[in-house]
Amino acid sequence: MKPQSMTHKILARRAGRQAVSEGEVLDVAIDMCFTHDPVLEGLREAFYESFGADAKVWDPERIALFQDHLVPAKDAISRRLAMAMDTFAAEQSIKAYYPYGENYGVCHIVMCEEGHVLPGEVVLGTDSHSVTYGAFNAFGSGVGMIDMMNVFATGHLWFKVPEVINVDIRGTLRQGVLAKDIILRLIGEIGMDGASYRTIEFTGDTIDDMSVEERMTLCNMVVEAGAKNGIMRLSPAARAYVEKMARRPFEPVMTDPGFEYARVIRYRAEDIEPMVACPHSPANVKPVSALRKEKIQVQQVYVGSCTGAKFDDIAVVARMLDGRHIAAGTRLMVVPSSMQIYRRLADGGIISRLLSAGAVIESPGCKACYGAHGGVLGDDEKCLSTTNRNFRGRMGNPKSLVYLGSPATAARTALAGYID
Amino acid sequence: MELIRGKAFHCGDFVNTDVMSPGRFEPYTGPNHLASIALIDYESPVPFVQPGEKRSEFTVIFGGIEFGCGSSRETAPQALHYAGARVVVAWSFARIFYRNCINMGLILPIELKHPFGPEVLGEDVVVDVEARTIDVKGRLLAFPAFGPVTNIIEAGGLTKLNQQAMTRGATA
């Protein structure tokens, strides 16, 4: 049998096959899936219209529902979308429902926190950043509303077996260098189509030793290089994390020795430096050491989203700000990505430290990352953001400029008032 | 299958779903609204949809590399469709956008390294899906078969394909 990659083994397992070949199309059984508030109302209507007024989802235990994009409601229509979700959860007996309230948060973060993502499983979401789940050795991928509606009805979806790019990283990252810097460097080097339709498989001792949340940051942004999924073998830390909350037994997968990658990219961790993606592309990446000389003034620093507002991300910001105050003329918005993280930050005194430094803490949600509400920039304003995309208009105003950086770069920039 | 006729629009590389249907317009949807914002943040000499209009004068979009990259939002292909686009011919597609096009059955995504630049804007185009050709003012291009997703395209989208399978299952 031809050697298989871990991604291939997951797809083969759920397609009822021993092995698969790159390029073939499979009918894959889905282990877990979710949708969220901007999508559910339309999905619900189409679901009943397509499959009958009394149609039932294939398995209510394998579906999660989240309110994260349009909460708290900015207007009556946003609230209507949340109410449609209340109705659908009740109609279909979906228990993994996280409405605005004490246990809500950004879908990808809550999916992991609540034990919905398990090693060796196929996990889909109606959100492109569903690639995050590779941090736990799962096949995580984003799909559209109609794809998900069909998954809700059948429990299956078609997938083309991808080729695999190996990104191998060895050594120890320098002080102040984070996973975000690695992924920005990678996207800058291979471009926004560098991994189109392919898997990015991360290997090396840097990855094995990385914190769970940093692994999530790496996998989260592979979609910015066009990847179908990002994946890693299960590390001891990632295993400990999933075992706490796992809802089912699980079986991790490893890539076979001798597997032929389509491409291999090797980094030495010591060579990686802080990086920033400049407007208007996540691939327009430059080292902070070069940008610093340009003294690029920013009016807003945004710490938020599924990419850059996990516990460690915000703790790094607080640690770097400690005892000092942010620059005059700069707003620092911190949006914890879940209520669980928010509570941990409060309990650990981190919220107080951020407040003392001049930060404003907003409630969890997708918020300014995608420009629908909260933190929209003015014309010609610049923002250094720990989020994932900086396309023209992404943060709500096509005349604004967004720079993507790590939480450490965000803290330095907030203190300096310019990209630092 | 009928011929698809209309005027050509031109886009560069990496046209993303944020410029096709920006997040700032959420939660507003509906055909007229989505049509009016189609490609609104994409910078081009001629807008895809004129300000205040709900229809585009263009039916076939010629794009470059990784057309439709970014968010998984289905409002992106919907916006193009409601504005009147029927075909996107691109050097390559971002995978979620491609899936959405095939599975929703609203836009035909043709992957082809076409030779056209900005000068193609406004030219008359005829797409013959059955013969797999694109005629741009007499210049004939052939495009490859859709391979494993042909059955989804022929059914009119993934939902119709699954409905057919369920009906067959129920009567079998």
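**Figure 1. The contact between chain A and chain B in the predicted model**. Chain A contributes 39 residues to this contact, and chain B contributes 33 residues. On the side of chain A that touches chain B, the elements giving two or more residues are α2 (37-51), α3 (76-91) and α5 (145-154). Of these, α5(A) gives the most, with seven residues.

**Figure 2. Strands β5 and β6 of chain A**. Strand β5 (residues 122-125) pairs with β6(A) in the parallel sense, over four bridges. Within this pairing, Gly142(A) of β6(A) has Gly125(A) standing opposite. Strand β6 covers residues 139-142 of chain A; Phe139(A) and Ser141(A) point one way from the strand, while Gly140(A) and Gly142(A) point the other way. All four of these residues are buried.

**Figure 3. Helix α6 of chain A and its surroundings**. Helix α6 (residues 179-190) has twelve residues, which at 1.5 Å a residue should span 16 Å; the end C-alpha atoms are 17 Å apart, in agreement with that expectation. Because eleven of the twelve residues are buried, α6(A) is largely enclosed by the rest of the structure. Among the buried residues are Ala179(A), Lys180(A), Asp181(A), Arg185(A) and Ile190(A). The buried residues of α6(A) pack against several elements of chain A, namely β8 (164-170), α8 (212-220), β12 (275-277), β13 (285-287), α11 (305-308) and β18 (401-404).

**Figure 4. The residue that follows helix α6 of chain A**. Gly191(A) follows α6(A) and has a positive phi, near 85 degrees.

Technical notes. Residues numbered from 1 in each chain as written. Chains lettered and ligands numbered in written order. Predicted model: local features only at pLDDT ≥ 70, side-chain atom pairs only at ≥ 80, totals over all residues. Buried ≥ 20, exposed ≤ 12 C-beta atoms within 10 Å, placed from the backbone. Pairing = 2+ DSSP bridges. Contact = placed C-beta atoms within 7 Å. Expected span 1.5 Å × (residues − 1).
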